[in-house]
Each structure stands twice: as C-alpha cells, then as structure tokens.
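Subject: Structure handover and notes

Hello,

Please find the structure below, with my notes after it. Have a look at the coordinates before you read on.

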Amino acid sequence: MHPDSKRPTVEYIDPIISAEIPNINEEPELYSLVSEFMIHGPCGAENMNCPCMVDRQCSKNFPKQFCNHSSVDNNGYPLYMRRNNGYFVEKSGVKLDNRNVVPYNKYLLKRYQAHINVEWCNQGSSIKYLFKYINKGPDRATVAVDINTDSHQEKVVDEIKDYYDCRYLSACEASWRIFKYDVHYRYPSVMRLPFHLPNQQQLIYAADDDIDDVLEQPSVAASMFTSWMECNKINKDARKLTYVEFPTKFVWKANHKLWKPRKIGRSIGRIHSVSPKLGEIYFLRILLNKVKGPKSFEEIRTVNGEEFPTFRDACYALGLLDDDKEYVEAIKEASHSGSGFYLRFLFATMLMSDSLGRPEFVWENTWQLLSDGILYNQQRTLKSPGLTLNEDQLKNLTLFEIEQILLRNNTSLKNYNKMPYPDTDMVSSSTNRLITEELDYDIPILKKEFDRMFHALTNEQRNIFIDIMTTVNDKKGGVFLCMDMVEQAKPFFGRRYLQQLDVKVI
C-alpha cells in the first residue's frame, strides 16, 4: 500500500462517507434518496417481523449509537458521526433518526439512485475478508432436468445426466461482461518467486517425452531461482538486492529463462510460505530474506567467509534463530494474509514440530495476533455486539482454541514446558452470556458515576455505607437493614453498594 494511503486520520472519513439524514430544506433531493434507499428498519420492538430480526435482535445491530464525531475504535472499525440533531424519517408510522441510517456516499447515491452501502475499510482484516470473498468462487446454482414420462412406467434416475453444477450470472454481471469491462485489475503486479534445494527444481514435460532427452536439455538446470544466482555473477546491481527485492529492478523472461534489467513498470516479489516441518528448505527461505547477491547455494550458507554445512547452521550463525525469533517473524508475516484460525493452527504446528526452543517466548510475543477473531466469535456466539474481553480472557480463549487443535493431533499444551494452559472454568464462564454481560463493565464510567452519587448521599447514609463496605473489605459477616422514609431513595442508596462492589471486583 502506498504510504499516503496507510492509516489515514478520521478526517478523511466525513468527506467521503455520511451516516446522517440531510437537511430537507438545504438538500431536498438527497433527503428523498436517503429516505427511500438508506434507512434501515423499522425493526426491533416496532417490527419484530423484519427480516433482519434474529432471536428478537437486529442482526445488523441497528439502531446505532449517537456520535458527535467520527472515530475509530480499538479494533480499527469506524464509528461514523451520527449527531442527535432532530432530523428523522417516518416509515410505517415510526420515526427513524440518524441511528438508523446506513452509511452512504452522497455522490454515488445521487449518481445511481440505489441502495449503496459505503464502508471505511482500512485495516488488515478488511483485506483478508476481501480476498476470502473473491476466492470463494462465483455464485452457483443446482439445476435438475426432468423429462415427463408415462406415470405407469418406473422412473429411471440418472444422476450424472440429470444433475448439472452451473454458474449463475446475474443481469448486472452479464451486462458487465457483454460490454467487456474489466472484471478486476491489480497494481502493482505481485510476482511469486519459487525456490528449491540444490537439484530439486520442478520439471515440466509431456507424457510421451523421453525422460533421458528431457534431462539432457540445457534448460533443465535453469530455474527462476538458479537464474537469479547466475544474474548475480554478471551484474553488479543485482548483487545489491535480495531475492524478494529482485523483481523491483529486474524482469523474468520465461522464454529465455533469464533475468533482464527492468525498463518500465513496477512489480514486487513474494516468496511462498513453507512449513517449519520441511526442515532445510524452511531455513533456506529465512536466508533468502536476508542474503544479498549470492552466486551459488554455497554462498547462501556462507557467513563471514565461513561456509556452513546446512542452511540451519547458517541461520544460527547470522543470529536469525536466537530466542526463536524466526518463528515470531513467521507468525507476524502470516498475519498479513492469514485468518486467526490459520495463525493458531500455524502455532500449533510449530509446537508439534518440536522446533521451538522457547515456545512461551513465541506465545508472549504473538498472542495478540493469535487471538485474531476470538472477540468477534464470542460476540457472535453470545449475540452481544458490544461485548468486550480483557487481556486474560482473550489469552485464555486463544489457548483453549490451540489446545483443541493439539488434542485432535494426540498431544496437549501440558506436554510443553512453561507454556500456559487454559483455565476451563474461565472458558465456561466466558461462554455464558449472562456471566459475560454482568462482568462487562466500563470501569471509568462506573467509577465516575459512583463518585458523583457518593457525594450526593446524606451524612447518615454515608456513615451506613462506610460501615457496610468496611465489613465487606474485612471479609466479616453481617446483616444490615436499611429503611428510608422516601420510597424513591431506596434504589439510589442501594445502587451505591452494588457499584462499589463492581468496581472492587474488577
């Protein structure tokens, strides 16, 4: 991503995306379009039969909260400006305000006059979702062809003939393709860089080719990887680049199996991931991200003039394997494109490979990445969009997920020294909606409200409160009966005890 597009401030959101009802006098056309296309609902108590209602709650989390300014929450998701300015739209006899507006772009809404939801996507998880959505394949439809026959004859079912796995093209997609518009494009181009151990490059040949003739061809020994080292022998500029950096300055000519200096365009290189279980080729990949301009395999594993027998030994000589840093880097690199489940599976694979010298070190440096998706899954499971989890809860649930992967492979976290083990009682309480919601406090707000209402107590109430809290803090038993002449004061007075206990428990 271009530096100018990385993590822009929230000031970029408001000029592009709006989540408010416009002024009917200043923008009557936009007001009409928003009213017709961009208002969600009514749903909830006003319309329990709305399609968005699941278990008596709106699955789209409407209505939203009022917000005076656009901001980004701790997870990187935007909170759009939804001011309580009194503007509303009446639908089905229900007044809907800015809390029910689906985010939109003013220009696109006026241009196409249709429901177009525009969201701010500026985080790694958004990119992961987009690639997952694209790669899952097109919409598909199942079609069964049935031929009318005499009802007295036994119907012969030919599943192969009658079943077709078809691709479904909607009207808009069909029109797009008829006009030959671009389906997709990618910039800059990403070049996949293969690599291999000595004499283990892939060969492609026809089924009727003679194997001896194939092996005698000069091009057999020339792969993209080996040609990179050959280019380093004759080009000084090439020796200034690592294998990953090479496509930025050179172009691969597949017909001639050689690299030539780049004259136009831009491209970036990516080395495909390798499992730590594969041994030497995994350590070769680590070296390829560090070593510049090697002319042979021997030079790749040469450090300070000393040639080492294996790529693993060369990694140790360069200090790349100290404290399992290479595994930390591997997880961080995988987090750019992999989901949370993939990262947890990768960590479990590392544990099972017995290649981690200090697994607890890797855990402490990557648990934030490994916990990706845990909070979201809990919010979905407990149907509580506003749910929050503290650090201990996130760690515990992440360890529980890793433990489940290990158990399916006949091992456990208990087999690895110094690795923490999930607390099953905490996991059980975390999956209990009532307990989780009860413990989901906003401590600063709760403390502020307590301080305000504590000062509002009378002297007699304050003395009683102090006596009760002293008994609680000293862990002594006691029974207290509080009676007040004013009925309305009882809830106010009783809430002080509960809030103080909540603050102290947290």
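Helices (H or I, at least four residues) and strands (E, at least two) are taken as DSSP runs and numbered from the N terminus. By that count the protein has 20 helices and 14 strands.

On provenance: this is a predicted model, in which local features need pLDDT of at least 70 and side-chain atom pairs count only at pLDDT 80 or more, while totals for chains, interfaces and linings use all residues. Residues are numbered from 1 along each chain as its sequence is written, and side-chain values use heavy atoms, with hydrogens and water left out.

Overall figures

Of the 506 residues, 34% count as buried (under 20% relative accessible area; exposed is over 50%, partly exposed in between; 1.4 Å probe, protein chains only). The protein exposes about 33800 Å², and carbon and sulfur atoms supply 52% of that area (Shrake-Rupley method, 1.4 Å probe; for residues, only the protein chains shown count as cover). Among contacts (heavy atoms within 4.5 Å) between residues at least 6 apart in sequence, 62% join residues at least 24 apart.

Backbone

There are two cis peptide bonds to report here. One runs from glycine 41 to proline 42, with omega near 5°; proline 42 sits in the loop between helix 1 (28-37) and strand 1 (53-54). Another joins phenylalanine 62 and proline 63, with omega about 0°, and proline 63 belongs to the loop between strand 2 (57-58) and strand 3 (71-72).

Positive phi values turn up at residues other than glycine. Arginine 56 has phi near 65°; this residue is in the loop between strand 1 and strand 2 and is exposed, at 66% relative accessible area. Lysine 257 has phi near 55°. Its loop connects strand 10 (250-253) and strand 11 (258-261), and lysine 257 is partly exposed, at 34%.

Surface charge

Asp208, Asp209, Asp210, Asp212, Asp213 and Glu216 form a patch of negative charge on the surface. Patch members have over 30% relative accessible area and no salt bridge, and like charges are joined within 9 Å. A salt bridge is a side-chain nitrogen of Lys or Arg within 4 Å of a carboxyl oxygen of Asp or Glu. Asp and Glu count as negative, with the charge placed at CG of Asp or CD of Glu. Aspartate 209 lies in the loop between strand 9 (189-193) and helix 6 (211-216) and is partly exposed, with a relative accessible area of 37%.

Regards

Conventions
Patch = residues over 30% accessible without salt bridge, like charges linked within 9 Å, V, L, I, M, F, W, Y side chains within 5 Å.
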